[in-house]
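Visitor: Hello! Could you show me how to read strands and helices here?

Guide: Gladly; let us look together.

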Amino acid sequence: MRTDRLVAILLLLQRRGQVTAAEVARELEVSERTARRDLDALAVAGVPVYSTQGRGGGWRLVGGARTDLSGLTAGEARALFLAAGPASAATPAVKAALRKLVHALPEPFRAQAEAAAASLVTDPRQWGANRAEHPPPRFLDALQDAVIRGVQVRLGYVDGRGTETRRTAHPLGIVAKGPAWYLVAHTETGRRTFRIDRVASADPTDDPVERPEDFDLAGSWREMADEVERRRTPLEIQALCTPHGIGILRIGLGDRLDVGGTVTDGRIEVVIRGRDEYTLAGELAGLVEWLEVTGPPNVRAHLASIGNALVERYR
C-alpha cells in the first residue's frame with residue numbers, strides 16, 4: 001500500500017506543481033503525519049523533491065522534474081510491466097522499451113515493477129499438445145510497421161491450395177490467435193484476413209491506407225472469427241442434458257455449445273455444432289450418461305450404430 005501512495009504522491013506533484021502535507025493527507029485519506037513521512041521517503045529514495053516553509057510553502061519537484069509514468073496509477077504501471085516478462089508474447093522492441101522504463105523509475109517503485117515483469121509465465125499450449133516452437137512469421141514486423149505507418153502493401157500470398165497471388169492490401173490491423181498471426185486488411189474484393197505465415201512477400205508503398213472511419217479491429221475480428229467457426233461447424237444437433245452435465249459439455253465443446261431453457265423433467269435444452277454427422281456422433285457417444293440427442297435422426301442412428309459396435313467389441 002505504501003508504494004501505491006508514493007506513486008500517487010509523485011503523480012500529484014507532477015499534476016499540481018506543489019502540494020502541502022495536508023493536501024496529500026486529504027487526497028490519499030491518510031493522516032498528515034503519514035503524508036509527511038511519505039514525502040520524506042520520496043526525498044530519501046532519490047526523488048528530487050524539496051519543501052519550503054512559511055506561508056505559501058509546500059513540497060515541489062526540483063526544476064519541475066517528471067517521470068515517464070505521468071498519468072499512470074501504480075496499478076496501471078504494474079499491469080504495463082507484466083508485458084515485459086521473459087515469457088511474454090510482446091515483440092523484442094516492446095520488451096526493450098518497457099525494460100528502459102523500469103530502469104527510469106525511482107527506487108521505491110522499481111522493485112515492484114521488476115517483480116511484475118517476472119511474475120507471469122504464458123504457456124499457449126494445451127495439455128497434451130506437442131512442444132513444437134512457433135517463431136514469429138517472416139513478414140510480421142514489416143506488416144506491423146505498415147499498419148502503424150498507415151501505408152499500403154503489395155502482398156504476395158500463398159493460399160491453402162498452394163497457389164500464389166499478388167494484390168495490393170490496405171493493412172488495418174494484426175491479430176494473434178494461439179500460435180498463428182493474421183493480417184486484417186482491405187482489398188479490392190473487400191475486407192480480408194491473411195495468415196501471415198503464408199505471406200510470400202510484403203513490399204510497402206508510399207500510398208496511404210484507406211481506413212474506414214468506423215473500423216474497429218476487435219469487433220471486425222470477432223465477426224470474421226464467428227463466420228469462420230460457422231463454416232467449420234455447419235451441422236447443428238439438438239439435445240437434452242442433465243444439469244450437472246452442462247459443465248462437462250462446456251469444457252469439451254466450448255463455443256460450439258448453446259444452452260437453452262429447462263424442460264419439464266429438469267433437463268436442459270442444448271444445441272451443439274459440429275463438422276459432420278458421424279464425427280459429431282463419435283464425439284458425443286461418451287457423454288450418454290448426461291446427454292440425449294433428439295435430432296437430427298441421422299446423428300441418432302450413428303450413435304446407435306456406435307453403441308452396438310461398442311457392445312459387440314466389449315461384451
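Guide: Strand β1 (residues 18-19) pairs with strand β3 (residues 58-61) in the antiparallel sense, over two bridges. This is a predicted model: local features need pLDDT of at least 70, side-chain atom pairs count only at pLDDT 80 or more, and totals for chains, interfaces and linings use all residues. Residues are numbered from 1 along each chain as its sequence is written, and side-chain values use heavy atoms, with hydrogens and water left out.

Visitor: What counts as a strand, a helix or a pair?

Guide: Helices (H or I, at least four residues) and strands (E, at least two) are DSSP runs, numbered from the N terminus. Two strands pair if DSSP finds at least two bridges between them. In β3, tryptophan 59 is the bridge partner of valine 19.

Visitor: Which strand pairs with β3 over four bridges?

Guide: Strand β2 (residues 49-52) does, again in the antiparallel sense. Valine 49 stands opposite leucine 61 in β3. Five residues lie between the strands of this hairpin, and glycine 54 takes a positive phi near 85 degrees.

Visitor: Which residues of helix α7 are buried?

Guide: Buried means under 20% relative accessible area, exposed over 50%, and partly exposed in between (1.4 Å probe, protein chains only). In α7 (residues 140-149), Leu140, Leu143 and Ala146 are buried. Seen down the axis of α7, they fall within an arc of 130 degrees, so they line one face of the helix. The arc is that of the directions from the helix axis to the C-beta atoms. The face turned away from that buried side carries exposed Asp141 and Ile148.

Visitor: What follows α7?

Guide: Glycine 150 does, with a positive phi near 70 degrees.
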